[in-house]
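Please open the model in your viewer and keep a selection panel at hand. The stops below proceed from the whole chain to single residues and end at the ligand.

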Amino acid sequence: MTAEASLRQHDAVVTRLRHFLDALASAAPDEQSGERLRHDLARWTEDLRRYAVPESRRYYGRSPTLASAGQATTPWYVVDEATPPERLAGRASFGTFFLGGRGAAHGGTIPLLFDELFGWLANSEGMPPSRTAYLTTNYRAVVGIGRPLTFTAWTDRVEGRKRFLRAELRDGDTVCAEADALFVTLRPGQP
Ligand SMILES: CCCCC/C=C\C/C=C\C/C=C\C/C=C\CCCC(=O)SCCNC(=O)CCNC(=O)[C@H](O)C(C)(C)COP(=O)(O)OP(=O)(O)OC[C@H]1O[C@@H](n2cnc3c(N)ncnc32)[C@H](O)[C@@H]1OP(=O)(O)O
């Protein structure tokens, strides 16, 4: 299989997994279905273990051309405009898997999305690797499950090894959440 075909296949599997997680989070299966599901999941887990590869060869969370960088860990997002390291803009939506309660996204999953966007902004190609030193989220309005959202993330300023980043998550004209973060460039030898 070509690298491009592998990437497409990975994208299709992760999309299916995302739908599965949303369905799982919404369901209360009966005993028989629950047992069948546990059995099928165990079989697939064993199958996949045979294909384990080192981190550098994985697609999961490391494929910037795919939705959510090829992972189901974060809420779904796609980047529509990218001028790294200055700015990223795109669309996002939180599936049922990310429900906190009363139709609103779990408060921990919103900074998760911001950290992911900042991670790509601060670790664009050719840039030395950096890590989050802090990330502050301001929750301004409820993020509704299944709502079509937009985001913008941008570099506010750079001071030596310190990169100050900001982001906004909107539902239409409503700003649902804002974030500001500091990413620090790693020194040689830092993990
Ligand atoms: C994970 C990415 C890294 C590798 C990437 C490479 C390839 C991967 C490919 C693609 C990846 C793309 C996207 C990834 C998507 C998401 C990833 C999101 C990123 C994360 O999710 S990553 C996990 C969470 N993250 C940590 O696990 C960090 C733990 N931590 C440390 O590793 C150290 O803490 C560190 C390195 C941050 C700093 O440590 P250090 O010893 O190097 O530097 P030092 O302390 O000297 O600070 C230097 C100057 O920053 C100021 N400063 C520091 N911390 C501050 C704070 N909290 N508040 C205010 N100011 C602060 C100081 O005051 C000083 O300022 P000044 O120079 O002005 O005095």
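**Overall view**

From the N terminus on, the secondary-structure elements follow the order α-α-β-β-β-β-α-β-β-β-β. The model is a predicted one, and the protein in it has three helices and eight strands. With the C-alpha trace displayed, the principal axes give a box of roughly 60 × 40 × 30 Å. Of the 191 residues, 23% count as buried. Among the contacts with a separation of 6 or more, 60% are made by residues 24 or more positions apart.

**The sheet**

Next, select the strands S1, S2, S6, S7, S8 and S5. In the order S1-S2-S6-S7-S8-S5, these six strands form an open sheet with antiparallel pairing. Its edge strands are S1 (76–83) and S5, each of which pairs on one side only. Neighbouring strands are turned against each other by 20° on average, direction ignored.

Move on to the next pair: S2 (residues 87–93) and S6 (residues 149–159) are antiparallel and share six bridges. Here Arg 91 stands opposite Thr 150 of S6.

From S6, proceed to S7 (residues 162–171); nine bridges join the two antiparallel strands. Which residue takes a positive phi in the hairpin of S6 and S7? It is Gly 160, with phi near 60°, in a hairpin that has two residues between the strands.

H3 lies across S1, S2, S5, S6, S7 and S8. Relative to S5, H3 runs at about 140°.

**Backbone details in two loops**

Centre the view on the loop between S1 and S2, where Pro 85 lies. The peptide bond from Pro 84 to Pro 85 is cis, with omega near 5°.

Then go to the loop between H2 (31–49) and S1, where Ser 68 is found. Ser 68 has a positive phi near 50° although it is a residue other than glycine. Is Ser 68 buried or exposed? Ser 68 counts as buried because it has 23 C-beta neighbours inside 10 Å, the threshold being 20 or more.

Ala 69 belongs to the loop between H2 and S1 as well. Its phi is near 55°, again a positive value in a residue other than glycine. With 20 C-beta neighbours inside 10 Å, Ala 69 also counts as buried.

**The ligand surroundings**

Finally, select the ligand and the residues around it. The surroundings comprise 18 residues, of which Gly 119, Pro 129, Arg 131, Ala 133 and Val 184 are the closest. Which elements each supply at least two residues of this shell? They are helix H3 (109–122), strand S5 (130–139) and strand S8 (174–185). Colouring the shell by residue class shows seven nonpolar, four polar and seven charged residues.

Conventions:
Residues numbered from 1 in each chain as written. Predicted model: local features only at pLDDT ≥ 70, side-chain atom pairs only at ≥ 80, totals over all residues. Near = placed C-beta within 6 Å. Helix = DSSP H or I, 4+ residues; strand = E, 2+ residues; numbered from the N terminus. Nonpolar A, V, L, I, M, F, W, Y, C, P; charged D, E, K, R; others polar. Buried ≥ 20, exposed ≤ 12 C-beta atoms within 10 Å, placed from the backbone. Contact = placed C-beta atoms within 7 Å. Pairing = 2+ DSSP bridges. Axes fitted to C-alpha atoms, helices over the stretch in contact; angles between N-to-C directions.
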